[in-house]
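I opened my notebook to keep track of what I looked up, one entry at a time. Follow along with the structure beside you.

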Amino acid sequence: MKITSVKSRWILDSRGNPTVEAELQSNGQWFRASVPSGASTGTHEAVELRDGDPAFHGKGVQKATHHVWQLGKKANGKEFKTQAELDSFLIQTDGTPNKRKLGANALLAMSLAGARAFAGKKPLYAHLASTLMRKPALPLPFANVLNGGKHAGTSLKIQEVMIMPTGAKTFREATQMVAETYQTLKKDAVTRFGAPAGNVGDEGGIAPDVPSVRQALDLVWRAVEENGYSQKMALALDCAASEFRDSRTGAYPVDGKILTANELLTHYVELQGQYRFVSIEDPFHEDAFEDFARLRAAFSGKCQVVGDDLLVTNPARIDRAQLSCNALLLKVNQIGTLTESLLAAQKAQSFGWNVMVSHRSGETDDAFISDLATGMACGQIKLGAPARGERTAKYNQLLRIEEDGVPLAKFRLP
Ligand code: PEP
Ligand code: MG
């Protein structure tokens, strides 16, 4: 893949903040990619470079876009044989361990646009599958239909209540099940709590002002039952516990109580016994490797334990978490290049873990992750609610891919 020109600009993400977009020319064609952005970010993530000047209240990305232009000048006329070669050129040009010089947002825009250039006329998912020597498979969607935590601004401390259509035979059926349940949930929430309860959070899920996750789970499960899906759907949580832990005392004020890590573990075990959720993400704060491990042991064979802020898609942290989790949340912008993301997945899978490709709470209309999860055949994708353009872009791309005859993965616990 020979790069003949590179352009970059800022565009807006779904929260109205600027983010980096890159375009790369190769073989007479232009290939584009843009970068998402988190709100409940892990402190160990690669650096998202923001300008910190008055424009956009510090959130400008002029420096990062300028760095893409600079990388482009350096890459111009160069031939890259593989994605790994392109990404190591990006990593070496930055030269820092956490990509703070050029910004992970600058590097990732180039890396993802580069992947599309490598794919050329081939569908991106098919290109990724063939370089990984896998048969493509559509991932099961984890749909965040009820938003709390930093994505909602309500009393609910736990960030995400997700539904997962485990009994769907096709991705189209899965999407219909998710969309029907979502509409029922919205209607029920408005009936019970009044019109504002139907307003949505950052990921398109409704954001009713419920004080405990029990009430949120009750509301969601009722909508599942009303649609007749109780045998074909499962629940999942993302607690994003770093966001509500009191860093001074180490306690967790959640669900109307102030809990120690031990008490929180008991709370999760009770909740899982009642609601049978099959996946729990970031149940404790981002450095609580041992608390994660105790929960993983307690949930063995019942519920996967997913590391997001704990792992930040970083192979070194995955190594440290070998007994703490059994699923990796893979976010490409946490590490900053496609190659490193794939290495993280490979490491997780070598431990027998599951891998869930994930969006961020700040997204663009770029559906790269839909192709990525399909090409990796990893079986799981976290997509938000089936509402708002930046979320539906991902569902819609998966619906299109299904028309190529790609099968839907089955859920299996690690
Ligand atoms: C998450 O925590 O899994 C998430 C998608 O949110 P954010 O992008 O804000 O980190
Ligand atoms: Mg998370």
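**Entry 1: the metal site**

I began with Glu 281, which is buried, at 1% relative accessibility. For this word I used these cut-offs: buried means under 20% relative accessible area, exposed over 50%, and partly exposed in between, with a 1.4 Å probe and protein chains only.

A note on the ground rules before I go on. I am looking at a predicted model, in which local features need pLDDT of at least 70 and side-chain atom pairs count only at pLDDT 80 or more, while totals for chains, interfaces and linings use all residues. Residues are numbered from 1 along each chain as its sequence is written, chains are lettered from A and ligands numbered from 1 in the order in which they are written, and side-chain values use heavy atoms, with hydrogens and water left out.

Next I asked which residues coordinate the magnesium ion (ligand 2). I found Asp 238 (OD), Glu 281 (OE) and Asp 308 (OD), at 2.0 to 2.2 Å. Donors here are N, O and S atoms within 2.8 Å of the metal (3.2 Å for Na, K and Ca); water is not among the atoms, so sites may look incomplete. Along the chain, I read the spacing of the magnesium donors as D-x42-E-x26-D. I then saw that Asp 238 in strand β6 (residues 234-238) and Glu 281 in strand β9 link distant parts of the chain, 43 residues apart. My strands (E, at least two residues) and helices (H or I, at least four) are DSSP runs, numbered from the N terminus. Asp 238 is buried too, with a relative accessible area of 1%.

**Entry 2: around ligand 1**

How many residues surround ligand 1? I noted 16, and the closest are Ala 39, His 151, Arg 360, Ser 361 and Lys 382. A residue goes on this list if one of its heavy atoms lies within 4 Å of the molecule.

I then looked at single atom distances. One oxygen atom of ligand 1 is 2.7 Å from a polar backbone atom of Ala 39. In the side chain of His 151, an N or O atom is 2.8 Å from an oxygen atom of ligand 1. On its own, ligand 1 has 290 Å² of accessible area, and the protein covers 99% of that. These areas come from the Shrake-Rupley method with a 1.4 Å probe; for residues, only the protein chains shown count as cover.

**Entry 3: aromatic rings**

I turned to the rings of Phe, Tyr and Trp (its six-membered ring), which pair if their centres lie within 6.5 Å; planes under 30 degrees apart count as stacked, over 60 as edge-to-face and the rest as tilted. By this rule I have 9 aromatic pairs. One of them is Phe 171 with Tyr 395, a tilted pair at 6.4 Å centre to centre and 40° between the planes. This pair links distant parts of the chain, since Phe 171 is in helix α5 (residues 171-193) and Tyr 395 in helix α13 (residues 389-402), 224 residues apart. Phe 171 counts as buried at 0% relative accessibility, and Tyr 395 is buried at 1%.

I also wrote down Tyr 252 and Phe 284, an edge-to-face pair with 6.1 Å between centres and 70° between planes. Tyr 252 lies in strand β7 (residues 252-254) and Phe 284 in the loop between β9 (279-281) and α8 (289-298), so this pair ties together parts that are 32 residues apart in sequence. Tyr 252 is buried, with a relative accessible area of 1%. Phe 284 is buried as well, with a relative accessible area of 1%. I found that ring pairs link Phe 244, Tyr 252, Tyr 268, Phe 284 and Phe 292 into a cluster.

**Entry 4: two backbone angles**

Which value does phi take at Asp 255? I read it as near 55°, a positive value in a residue other than glycine. Asp 255 lies in the loop between β7 and β8 (257-259), and at 11% relative accessibility Asp 255 is buried.

Thr 313 is not a glycine either, yet I noted a positive phi of about 50°. I located Thr 313 in the loop between β10 (304-307) and α9 (315-320), where Thr 313 counts as buried at 0% relative accessibility.

Definitions and conventions. A polar contact is a pair of N or O atoms within 3.5 Å; within protein, one must be able to donate a hydrogen and the other to accept it, and residues adjacent in sequence count only if both atoms are side-chain atoms.
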